[in-house]
Amino acid sequence: MTESAAVESPEKKIKVRINKLQKRLRREVGRAIEDFNMIEDGDKVMVCLSGGKDSYAMLDILMNLQKSAPISFEIVAVNLDQKQPGFPEHILPEYLESIGVEFHIIERDTYSIVKEVVPEGKTTCGLCSRLRRGTLYGFAEKIGANKIALGHHRDDILETFFLNMFYGGKLKAMPPKLVSDDGKNMVIRPLSYAREKDIAEYGELKEFPIIPCNLCGSQENLQRQVIKEMLNGWDKTHPGRIETMFRSLQHVVPSHLADTELFNFKELQMGYAHGIAGDSVTNFFDPREGTEEGGEPRAEKMPEMIDILAL
Ligand code: SF4
């Protein structure tokens, strides 16, 4: 083999990396779909596209999975053009045509409504999102889509969890699957297990035609920004912590929190012990993952636990 043949070309390297990321994202999306029964045979899935990296990646992976899935489901891509000044109207239709997916662009001037209703200097995102949600949910019904897919990922879910805890006093995140308030739509988040940094890299390498999200002139929610920086900092100094924290959302122990509506502490009887010892250290851990005797926590978890205690 010649030396030049042995050295991988930059194009080849990019292709290999895209394949690797795609495989990982496919696996994570597939697992989320299965764990939460997000998509079933015969479903019509309306994939909401904002023009950001997350929704492009979601559409790309869902279309990819659709080809090899053991079930048959439809995909319809939908974008809501909210008439923000400078919104490049041609980008999404051109891209969607190029990948051969059925799509709709809904035009609704929510920008003017928001500007008219929200006082100058106040954050516009709350009303804007509500108007967007309402329009999209109504459109899903109109086209007979029984599932609405949103592009939120694992990091969005964790950020929301901390936002609710720090600023709202609630232990609540963003569910991978939920029924809309009016009970008429099933909302799914197929990227729930996907890491934002993988999505960002995938989007960059695939050269998705990203539309900037600050066209409305609104600042990104400052509190969310603070949480994001906190999580990114932990990710650098304590690799693996983000994964552990996300796992905690899937291992909730109501009897070891303090919500009297979630767990009937008043009528707690002797003999109810989850099969674990009652000391506070052991109780940091989900009894489902404890030792067979329900005694000491597993040794490999100790450093992370010490970190938590030191916070
Ligand atoms: S950033 Fe702008 S477009 Fe996005 S939700 Fe906020 S107001 Fe709406």
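Me: What does the protein hold in helices and strands, and how many residues count as buried?
Reply: The model is predicted, so keep that in mind throughout. The protein has 11 helices and 6 strands. Of its 311 residues, 23% count as buried. Look at the contacts too. Among those with a separation of 6 or more, 72% join residues 24 or more positions apart.

Me: How do I read a sheet, and in what order do the strands stand here?
Reply: Strands of a sheet pair through backbone hydrogen bonds, either parallel or antiparallel. Here 6 strands form an open sheet with mixed pairing. The order is β3-β2-β1-β4-β6-β5.

Me: Which are the edge strands?
Reply: They are β3 (102–107) and β5 (177–179). Each pairs on one side only. Between neighbouring strands of this sheet the average turn is 25°, direction ignored.

Me: Take β2 and β3. Do they run parallel or antiparallel, and how many bridges join them?
Reply: Strand β2 (residues 74–81) and β3 run parallel, joined by 6 bridges.

Me: Which strands does helix α4 lie across?
Reply: Helix α4 (residues 91–99) lies across β1 (44–49), β2 and β3. Its direction is at about 170° to β3. Helix α6 packs on the sheet as well, touching β1, β2, β3 and β4 (147–149). The direction of α6 makes about 145° with that of β2.

Me: How is a pair of packed helices described, and at what angle do α5 and α6 cross?
Reply: Two packed helices are described by the angle between their axes and the distance between the axes. Helix α5 (residues 110–117) and helix α6 (residues 125–143) have axes that come within 10 Å. They cross at roughly 145°. The crossing is right-handed.

Me: Which residues meet there?
Reply: From α5, take T110, I113, V114 and V117. From α6, take L127, C128, L131 and R132. By class, this contact divides into 6 nonpolar, 1 polar and 1 charged. As for spacing, an α-helix has 3.6 residues a turn, so residues three or four places apart point the same way.

Me: Why does the length of α2 agree with its residue count?
Reply: Helix α2 covers residues 10–35, which is 26 residues. At 1.5 Å a residue, α2 should therefore span 38 Å. Its end C-alpha atoms are 37 Å apart, so the two values agree.

Me: Which residues of α2 are buried, and what covers them?
Reply: The buried residues are L21, L25, E28, V29, A32 and I33. Their cover includes α3 (53–68) and α8 (196–206).

Me: Now backbone angles. Where is N37, and what is its phi?
Reply: N37 sits in the loop between α2 and β1. Its phi is near 50°, a positive value in a residue other than glycine.

Me: Why does N37 count as exposed?
Reply: Count C-beta neighbours inside 10 Å. N37 has 9 of them. The cut-off for exposed is 12 or fewer, so N37 counts as exposed.

Me: What is the phi of K83, and where is its place?
Reply: K83 lies in the loop between β2 and α4. Its phi is near 60°, again positive in a residue other than glycine. K83 is partly exposed, because 15 other C-beta atoms lie within 10 Å.

Definitions and conventions:
Residues are numbered from 1 along each chain as its sequence is written. This is a predicted model: local features need pLDDT of at least 70, side-chain atom pairs count only at pLDDT 80 or more; totals for chains, interfaces and linings use all residues. Axes are lines fitted to C-alpha atoms, for helices over the stretch in contact, and angles run from 0 to 180 degrees between N-to-C directions. Helices (H or I, at least four residues) and strands (E, at least two) are DSSP runs, numbered from the N terminus. A crossing is left-handed if the near helix is turned anticlockwise from the far one by less than a right angle, and right-handed if clockwise. Two residues are in contact if their C-beta atoms, placed from the backbone, lie within 7 Å. Ala, Val, Leu, Ile, Met, Phe, Trp, Tyr, Cys and Pro count as nonpolar, Asp, Glu, Lys and Arg as charged, and the others, Gly among them, as polar. Two strands pair if DSSP finds at least two bridges between them. The expected span of a helix is 1.5 Å times one less than its number of residues. A residue is buried if 20 or more other C-beta atoms lie within 10 Å of its own, exposed if 12 or fewer, and partly exposed in between; C-beta atoms are placed from the backbone.
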